[in-house]
Amino acid sequence: MVYTLKVNGDTKTLNIDGDTPLLWVLRDHLGLTGTKFGCGVAACGACTVHVDGIATRSCVLPIEAVAGSEIRTIEDLAQGDTLHKVQQAWIDNQVPQCGYCQSGMIMAVVALLEETPQPTDEDIDNAITNICRCGTYNRIRKAIHQVAEA
Amino acid sequence: MSTHPKALKITKRALLVGGLAVGGGLVVGYAYLRDKPGTAGFGAFGVAGTALNAWVKITPEGRIILAVPRGEMGQGVYTAIAMLIAEELEVGLDQIEVEHPDVDGKYANAFILTESMPQFRPLIWLGERVAAALPLIATGGSTTIRDGWEAMRRVGASARMMLVQAAAISWDVAFDECEAKLGVVNHPKTGRSLSYGDLAEAAAQIKPPADPQLKPPSEFRLVGTPAPRIDIPAKVTGQAQFGIDVVLPGMLYAAVRQCPLRGGRLVSYDAEAVMGLPGVEAVTPVHGGVAVVAHSYWQASKALEALAVEFEDGGNGELSSKSISALYHEAMDSGDVICVREEGDTKRSLKTSAKTHEAIYELPFLAHTCMEPMNCTAIVKGDRVEIWLGCQSPTMANWGAAEGAGVETDKVTTHVTFMGGGFGRRQEVDISRQAAQIARAVEGRPVKLIWSREEDVQHDSYRPAVLAKFQAGLDESGSLTAWTNRLVLQSVDVGYGQRNLPALLVGDGSDDMSMTQGADDLPYALPHLTVEKVVMDLPVDVGYWRSVGHSYNGFFTESFIDELAALSKQDPYAYRRGLLRQAPRHLQVLNILAEKAGWEIPLAAGRGRGMALHESFGSVVGQVAEISLSAQGELSVDRVICVVDCGMTVNPDTIVAQMQSGIVYGLSAALYGEITLEAGQIVQSNFPDYEALKLAAMPAIETYIVPSTDYPGGVGEPGTPPIAPALTNALFNATGKRIRKLPLKNLDFLSL
Ligand code: FES
Ligand code: FES
């Protein structure tokens, strides 16, 4: 089947099996490897991207369900050399360790802040349910508050 | 990693080499001369007498490139090495570029065995690539160094001295009149200056100094200060390349299914039925199972799912966590006991004690669940193999690929990427062996093998399950006189060895020091002490898990000490303090911990506070956990105070991050972590049933670093051991109930 989606502002047309998860479309067919595979069952959040502005776990989302949608990935956050304020806060707070979960984390946080610019700790607890095996959570929380207060 | 930390303060003769770099410029690095070249173990691999570690290169354009043949997995190794070099080279940290050198097959043999073990000890690299890569080698003095901490600084200092010397010669002035600063050599008297780039070629002709002068730590401007990590910017934009991100032209994808039965094997599969599925290119047997190769990973996964596969159980179809526990209990009483340490006369002391106390603890197998599932990309062309992966041991990756493709190890080139977590998992031959087997089956075409999370959880090298028994004797006054500790578990040295090493290097576990590490070297004054172990042989793969033996022995010993404190009706802090009179370093950590935690301040009802103190890998860490139990029986870990004495620090910000990381890793295990077996298979398969701590459950963590001028200890692992006992000791404090089994998720706190 042929599917059309908008990825990071560009229209992409792909001839692909309709059940292919968006995650693998991005990674293997569009070369956008910033979005990661962690579990394949929507349990870890490593694959989080924005689908029409909503933070979505792409590993269980077949392409046929998102045809025509606007997809935004980690690769689209920075504008040229200017980092997104969440990315900058990640550097300021030295958040990443191995870094593998961080694309998904950052996409989840960007969506949270777009919806709730001044989140409470409880908002953060409820919205950021991604797994980080390196345990960077406290710096994540701190970085989110830094962005919110700026 | 299994080696005792003290043994790792390597005293080796090391040879500084420096000379003209390939492509011009100056290269300086270190070669180690092993004490006993050609001993049976190492000699078997054709390891020559020298091996080289990281090296620094200064190009004529003035670029300063540091090559670290070692994986970055978030522990900040790149930055730490760069800081040590920059400190002595007199350049800014931002002037250094770090690169991953490829490990050419020709030199890979030289990565000696020890290199594969101490994955959390970032300062040890061995390899002889540089020596061979240098067309001209000027040899400096042979000298004795302790390890990477000094070696890296010596590399920086030597390069600086060679550059200054080159400047002094060109100006015809005295060496001492010149000074190096931020990549430039100045001659203040005449106001002349030359950049390192300008001097690189001339410096390459100079013999490296026999004994480069190192700065005294009091003069450090960089080392010991918090520095931003070099690898972080790429990790916020999605640009950092992990193994799973490797893309090669014409690349195929592979998914694998391995025998779920412990000790079982693949019997048959029906390739015909899936060969016609979309995109499928090949179905091929691999070590441990069968792989499907297709044009996309999704196609490979789907076809694999459709593939009918038959496995046999290898006679272990009855194996279960229950049967293993029964075996352990039996072995505790009647197994072959190996005495690891004996001080005084424990038996007599126990007999004559006024009071004795006994307790049995039990811990489950644990998986690593690195965030990035195991993966490796490979291409085979005739007898040449190339692999790409994030790994803790290029040696193991190389061996695995060579075996998988059926070539000699010197025919394999390994490209090392970032790792999405390692924790002791990424140093096995399994993934590169399978990738090379698959690449051989589709020879000439690159193929990326990715394990599903289910394969990752079910085919890990697990932290061993352990049964521990303690007996203590106390005199009339309640003072501790005797301590016995018997451990029943599998040996990770044996397990790891059987999977990864030539048979001649695999022992029987009797000398596996990791099993009792953190149990036989307690800081407490114990006049009569016996530590024993029983080595179990089971068809469950065990391996190195963050902090290895300390991960369980920290829990056991710090829980049992807490039991004894309660038994003698003493405050756990005061009790430990009384036993630490001969251990000033531990006592200092404990005192700071009590002060920072506000140990004396009473807590409200329903809350609890517990402490634990544990030394591992040369660092002493104390932690206090504060918890609450709700009326509904819900546990929350509110606050963790962590005090670490890791000697001199390189990058304090990384130490704080590593303490947090170690605590979260240990908390996940204490709260949720257990790998269980049923009918010969691992029960858990993915994050929903092998949970990890999430943000909402995070305690606040406060970390304090004890100022020290001692030799640097590890920081990646030592944060993990104390957290579980601090937590369960806090539960005891809140409820009066002692917890001797983990994980806590199996407990009903309401019935405590
Ligand atoms: S990979 Fe999608 S949630 Fe884990
Ligand atoms: S930084 Fe390693 S998993 Fe989050």
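Modeller: A salt bridge here is a side-chain nitrogen of Lys or Arg within 4 Å of a carboxyl oxygen of Asp or Glu. The model is predicted.

Biologist: What makes Glu114(A) and Arg72(A) a salt bridge?

Modeller: The closest N and O atoms of Glu114(A) and Arg72(A) are 3.8 Å apart. The cut-off is 4 Å, so the pair counts as a salt bridge.

Biologist: Why is this pair said to tie together parts of chain A?

Modeller: Because Glu114(A) lies in helix α4 and Arg72(A) in strand β5 (residues 70-72), parts that are 42 residues apart in sequence.

Biologist: Why is Arg72(A) called partly exposed?

Modeller: Its relative accessible area is 22%. Buried means under 20% and exposed means over 50%, so Arg72(A) falls in between.

Biologist: Helix α4 of chain A also meets helix α6 of chain A. How is their packing described?

Modeller: The axes of α4(A) (residues 102-115) and α6(A) (residues 137-149) come within 11 Å and cross at roughly 35°. The crossing is right-handed.

Biologist: Which residues make the contact?

Modeller: From α4(A) come Gln102(A), Met105(A), Val109(A) and Leu113(A); from α6(A) come Tyr137(A), Ile140(A), Ile144(A) and Val147(A). They divide into 7 nonpolar, 1 polar and no charged.

Biologist: Turning to chain B, what makes Asp562(B) and Arg738(B) a salt bridge?

Modeller: Their closest N and O atoms are 3.4 Å apart, and the limit is 4 Å. Asp562(B) lies in helix α18 (residues 549-567) and Arg738(B) in the segment after α22 (723-735), so the pair ties together parts that are 176 residues apart in sequence.

Biologist: How do you know whether these two residues are buried or exposed?

Modeller: Asp562(B) has a relative accessible area of 3%, and Arg738(B) has 16%. Buried means under 20%, so both residues are buried.

Biologist: What about Glu626(B) and Arg609(B)?

Modeller: These form a salt bridge with the closest N and O atoms 3.6 Å apart. Glu626(B) is in strand β25 (residues 619-629) and Arg609(B) in strand β24 (residues 607-616), 17 residues apart. Glu626(B) is buried at 6%, and Arg609(B) is buried at 10%.

Biologist: What makes the residues around this pair one network?

Modeller: Salt bridges that share partners join Arg607(B), Arg609(B), Glu626(B), Asp638(B), Arg639(B) and Glu702(B).

Biologist: How many salt bridges does the structure hold?

Modeller: Over all chains, 43.

Technical notes. Residues are numbered from 1 along each chain as its sequence is written. Chains are lettered from A and ligands numbered from 1 in the order in which they are written. This is a predicted model: local features need pLDDT of at least 70, side-chain atom pairs count only at pLDDT 80 or more; totals for chains, interfaces and linings use all residues. Side-chain values use heavy atoms; hydrogens and water are left out. Axes are lines fitted to C-alpha atoms, for helices over the stretch in contact, and angles run from 0 to 180 degrees between N-to-C directions. Helices (H or I, at least four residues) and strands (E, at least two) are DSSP runs, numbered from the N terminus. A crossing is left-handed if the near helix is turned anticlockwise from the far one by less than a right angle, and right-handed if clockwise. Contact means heavy atoms within 4.5 Å. Ala, Val, Leu, Ile, Met, Phe, Trp, Tyr, Cys and Pro count as nonpolar, Asp, Glu, Lys and Arg as charged, and the others, Gly among them, as polar. Buried means under 20% relative accessible area, exposed over 50%, partly exposed in between (1.4 Å probe, protein chains only).
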